[in-house]
Structures are given as C-alpha cells and as structure tokens.
Amino acid sequence: MASRLWASKAASYLRISVSRRGFATVVKDLKYADSHEWVKVEGNSATVGITDHAQDHLGDVVYVELPELGTTVSQGGSFGAVESVKATSDVNSPVSGKVVEVNEELNSSPGLVNASPYENGWIIKVEMSDAGELNYLMDADKYSKFCEDEDSH
C-alpha cells in the first residue's frame with residue numbers, strides 16, 4: 001500500500017513538472033508515429049512503446065494488453081491497448097513485422113509505461129519486415145512540433 005501511495009505521489013509530481021514545460025520529453029534517436037508510439041531500431045529489431053506525451057495525456061496506466069508472441073503487426077495497425085484511469089487507448093505499431101518479445105513486466109507493473117516510457121515501459125519488440133517504413137515516421141524534432149501543434153488546438 002505504501003509503495004502504491006508513493007508511486008501515485010511520484011506520478012502526480014511528474015505530471016505537474018511535465019505540464020510546466022509545455023511539452024513532454026522526446027528522445028533524439030527514436031522515430032515517432034502520429035498516433036504517439038515510438039520505435040527504437042537496432043539492426044532488424046524494433047522496440048516499440050508509447051511516448052511520454054501519450055502517457056501524460058492518458059494518466060495513470062492500470063493495464064496493458066499485450067499481443068501474443070509471433071503475432072504479425074502492420075504499420076499503423078493496432079496490436080494492443082493501454083488502459084488508464086481516464087481512458088482506454090489502442091496501441092498501433094509504427095512498423096510491420098513479427099512480434100518476437102513482449103514486456104511481461106507490464107502485466108504486474110503497468111505503471112512502468114508512465115514512469116519510464118522510453119526505457120522500462122517498452123511494450124513489444126518486432127522483427128521488422130520492411131525497414132523502408134521508417135521513412136514514414138517522424139524524427140524527434142518533427143514529433144516535438146507535431147505535439148506542440150496538437151496541444152495548441
């Protein structure tokens with residue numbers, strides 16, 4: 001109970017500090033989809049998660065629906081969902097390929113998506129079938145601008 005209270009206070013603090021900055025953290029070496037997923041590419045492997053911007057808008061994440069290993073995902077297609085205290089949101093794949101790993105840690109600690117969206121809160125790893133799809137994603141600068149424009153409306 002005490003750890004849950006601490007996590008709640010920490011999440012509340014983090015949300016306050018993010019809103020003062022006007023925009024969420026964006027990591028330079030990642031690619032971003034306009035549906036607020038990020039992808040980190042290493043060779044033919046792509047690690048996927050939701051962005052800091054997305055988790056901030058969702059609020060405290062209470063459940064992450066993970067796909068089965070071996071599932072084929074398509075760029076822009078839904079592969080799971082993130083449920084928060086505010087809403088449930090589909091999670092779309094920024095790349096096409098086969099799911100080769102899922103972050104099982106999220107089954108017992110879904111709040112990792114809030115606390116560490118770019119590191120411990122990753123959702124799936126995909127063996128990419130078409131690296132050319134990365135050209136359709138945004139770099140960090142374009143994604144930051146995209147979020148600023150979206151939040152101003």
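This is a chat about the folds and side-chain pairings of one predicted model.

Colleague: Hi! Where do I start? How many helices and strands are there in the protein chain?

Modeller: Welcome! Keep in mind that this is a predicted model. The protein chain has five helices and nine strands. Reading from the N terminus, the elements go α-β-β-β-α-β-β-β-β-β-α-α-β-α.

Colleague: And how much of the chain is buried?

Modeller: The protein chain has 153 residues, and 42% of them count as buried.

Colleague: OK, sheets next. What is the strand order in the open sheet of six strands?

Modeller: The order is S1-S2-S3-S9-S8-S5, and the pairing is antiparallel. At the edges sit strand S1 (31–32) and strand S5 (72–73), each of which pairs on one side only.

Colleague: What actually holds strands together in a sheet?

Modeller: In general, strands of a sheet pair through backbone hydrogen bonds, and they can do so in a parallel or an antiparallel way.

Colleague: Can you show me one pairing? How many bridges do strand S3 and strand S9 pair over?

Modeller: Four bridges, in the antiparallel sense, with S3 covering residues 45–50 and S9 covering residues 124–128. To find one on screen, look for Ser45, whose bridge partner in S9 is Glu127.

Colleague: Found it. What about the sheet of three strands, which order does that have?

Modeller: That open sheet runs S4-S6-S7, with antiparallel pairing. Its edge strands are S4 (61–65) and S7 (88–92), and each pairs on one side only. From one strand to the next, the twist averages 25°.

Colleague: How many bridges join S4 to strand S6?

Modeller: Four bridges join them, and the two run antiparallel, with S6 spanning residues 78–84. One to look for is Tyr63, which has Glu83 as its bridge partner in S6.

Colleague: Switching topic: charges! How many salt bridges does the structure hold?

Modeller: Two. In one of them, the side chains of Asp141 and Lys28 meet at 2.9 Å, N to O. Asp141 lies in helix H5 (residues 140–151) while Lys28 is in the loop between helix H1 (2–21) and S1, so this pair ties together parts that are 113 residues apart in sequence.

Colleague: Are Asp141 and Lys28 buried or exposed?

Modeller: Both are exposed.

Colleague: Why would two side chains like that pair up at all?

Modeller: As a general point, side chains of opposite charge can pair when their charged atoms come close.

Colleague: Now the rings. How many aromatic pairs does a search of the whole structure find?

Modeller: Three. Take Trp38 and Tyr118: their ring centres are 5.9 Å apart and their planes are at 55°, so the pair is tilted. Trp38 is in strand S2 (residues 37–42) and Tyr118 is in the loop between helix H4 (112–115) and S9, so the pair links parts that are 80 residues apart in sequence.

Colleague: Is Trp38 buried or exposed? And Tyr118, buried or exposed?

Modeller: Trp38 is buried, with a relative accessible area of 1%. Tyr118 is buried as well, at 16%.

Colleague: How about Tyr143 and Phe146, what kind of pair are they?

Modeller: A stacked one, because their planes are at 25°, with the ring centres 6.3 Å apart. These residues are three apart in helix H5, about one helical turn. Tyr143 is buried, with a relative accessible area of 1%, whereas Phe146 counts as partly exposed at 24%.

Colleague: Last one! What lies over the face of Trp122?

Modeller: Lys125 does, at 4.9 Å from the ring centre.

Notes. Residues are numbered from 1 along each chain as its sequence is written. This is a predicted model: local features need pLDDT of at least 70, side-chain atom pairs count only at pLDDT 80 or more; totals for chains, interfaces and linings use all residues. Side-chain values use heavy atoms; hydrogens and water are left out. Two strands pair if DSSP finds at least two bridges between them. A salt bridge is a side-chain nitrogen of Lys or Arg within 4 Å of a carboxyl oxygen of Asp or Glu. Buried means under 20% relative accessible area, exposed over 50%, partly exposed in between (1.4 Å probe, protein chains only). Axes are lines fitted to C-alpha atoms, for helices over the stretch in contact, and angles run from 0 to 180 degrees between N-to-C directions. Rings of Phe, Tyr and Trp (its six-membered ring) pair if their centres lie within 6.5 Å; planes under 30 degrees apart count as stacked, over 60 as edge-to-face and the rest as tilted. A charge sits over a ring if NZ of Lys or CZ of Arg is within 6 Å of the ring centre and within 35 degrees of the ring normal.
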